[in-house]
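These are my notes from a first look through one structure. I wrote each entry as I looked the item up.

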Amino acid sequence: MFHVLKCFNLSPVAGNVACSVDSVSVRVLLNIGQALPLDPKGFLLGSCSPSTSSYNTVQFQSGLLDCSFMRMVTANVTSYMNVLMYQPTQSGFYQTPFTQAIVCTYTKPAGWTPPVYNPALGDASGFGKLEFTMGIMNDGFSAPRTSSLFFLGSPIFIAAAVKQQFHMPLMVYIEECVAASTPELSPSSQTYPLITNHGCFVDGQAANSRFLPRVQTSEIRLVVQAFKFTQLNTDVYIHCRLLAWDPAQLNDPTKKACSFNQRTRRWELLDNPGQSSVCSCCTSSCNMRKRRHTGSNTAVSIYCKCIGSCGVSF
């Protein structure tokens, strides 16, 4: 969660920008005293047309991951940037094209501390001791990858699994993952969320990252598009919290794996796309239902190094 840091007025045209926690509203006046009004059909915010228009106003209402917003991450601040473009489409309106930068800047709350994870061991009620593993795999998932070096934008294939000493199956999920600039999470770590909200792959809204089809219930596979932190020449460490659960007890929205389909702009459930409505909470909060504990969770971390000429913006 980030705090809104600032809002500001547009120039050279009259209007305003209101930055909310996960969205932005841009309002532009069409007539500010010039001889001809601005063309309401001539505006774009990134890749988006106005949401509404009236006699003297156009309004954009957008999520911060829509309309081709770019995301820049630094140690304490996250900025979302886009461009408001004006190109008249018809005569009778103001004919000089212009652009205006749109920026929403957020800072981490004071005292914010990333979660500190436990060793990769768990104890599932009724199932005994469990061992969780996670690692970077080759393209075919046939063996661990021999190198942890990646070019920016290339795919990082990851497999997470639970080992159990009995015949009863368990379903493994990834509750959350963050990429960090340090091998251990601390308040000074620069972080970027990959998976949040009990299995929502939020990085897939801005990058080619998603869960991959399962081969077995005790393993979950995913691909993350390689990136590195801006303004830092540092390696990337991926910290994830894993969950193993009884497959017969999977009827609440905290036990899921949801990927974002960029083509349809919808969330999709990995294990049963026909039940993708369970992923609808990925845009809000996926609350846990009270129930008998029949699973285990723990956390593991992996390391990768991404190289390239510049940092990746989302």
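I began with the terms for burial: a residue is buried under 20% relative accessible area, exposed over 50%, and partly exposed in between, with a 1.4 Å probe and protein chains only. I noted that this is a predicted model, in which local features need pLDDT of at least 70 and side-chain atom pairs count only at pLDDT 80 or more, while totals for chains, interfaces and linings use all residues. Residues are numbered from 1 along each chain as its sequence is written, and side-chain values use heavy atoms, with hydrogens and water left out.

Entry: the whole chain.
I looked up the secondary structure and found zero helices and 22 strands. Helices (H or I, at least four residues) and strands (E, at least two) are DSSP runs, numbered from the N terminus. The chain has 314 residues, and 47% of them count as buried. I also looked at contacts, meaning heavy atoms within 4.5 Å. Taking contacts between residues at least 6 apart in sequence, 67% join residues at least 24 apart. The chain exposes about 15400 Å², and carbon and sulfur atoms supply 53% of that area. Accessible areas come from the Shrake-Rupley method with a 1.4 Å probe, and for residues only the protein chains shown count as cover.

Entry: serine 259.
I located serine 259 in strand β20, residues 258-261. Is serine 259 buried or exposed? Serine 259 counts as buried because its relative accessible area is 12%. Next I checked polar contacts, which are pairs of N or O atoms within 3.5 Å; within protein, one must be able to donate a hydrogen and the other to accept it, and residues adjacent in sequence count only if both atoms are side-chain atoms. A polar atom of the serine 259 side chain lies 2.9 Å from the backbone nitrogen of phenylalanine 211. Beyond its neighbours within four places in sequence, serine 259 is in contact with Phe201, Arg210, Phe211, Arg266, Trp267 and Glu268.

Entry: asparagine 197.
I found asparagine 197 in the loop between β16 (191-195) and β17 (210-212). Asparagine 197 has a relative accessible area of 19%, so it is buried. Its phi is near 55°, a positive value in a residue other than glycine. What does the side chain of asparagine 197 reach at 3.2 Å? It reaches the backbone oxygen of serine 284. Leaving aside neighbours within four places in sequence, the contacts of asparagine 197 include Glu175, Lys256 and Cys281.

Entry: phenylalanine 141.
I noted a positive phi of about 60° at phenylalanine 141, which is not a glycine. Phenylalanine 141 sits in the loop between β12 (128-137) and β13 (149-151). Its relative accessibility is 12%, so phenylalanine 141 counts as buried.

Entry: salt bridges.
I looked for salt bridges, each a side-chain nitrogen of Lys or Arg within 4 Å of a carboxyl oxygen of Asp or Glu. How many salt bridges does the structure hold? There are three.

One joins the side chains of arginine 241 and glutamate 176, at 3.8 Å from N to O. Arginine 241 lies in strand β19 (residues 236-245) and glutamate 176 in strand β15 (residues 171-180), so this pair ties together parts 65 residues apart in sequence. Arginine 241 is buried at 17%, and glutamate 176 is partly exposed at 26%.

Another joins aspartate 271 and arginine 214, with the closest N and O atoms 2.5 Å apart. This pair links distant parts of the chain, 57 residues apart: aspartate 271 is in the loop between β21 (266-269) and β22 (295-307), and arginine 214 is in the loop between β17 and β18 (219-225). Aspartate 271 is partly exposed, with a relative accessible area of 36%.

I also found arginine 221 bridged to glutamate 219, the closest N and O atoms being 2.8 Å apart. Arginine 221 is buried at 15%, and glutamate 219 is buried at 13%.

Entry: a surface patch.
I looked up patches, which are made of residues with over 30% relative accessible area and no salt bridge; like charges are joined within 9 Å, and nonpolar side chains (Val, Leu, Ile, Met, Phe, Trp, Tyr) within 5 Å. Leu44, Val83 and Met85 form a nonpolar one on the surface, with about 200 Å² of accessible area together. Valine 83 is in strand β9, residues 77-86, and is partly exposed at 36% relative accessibility.
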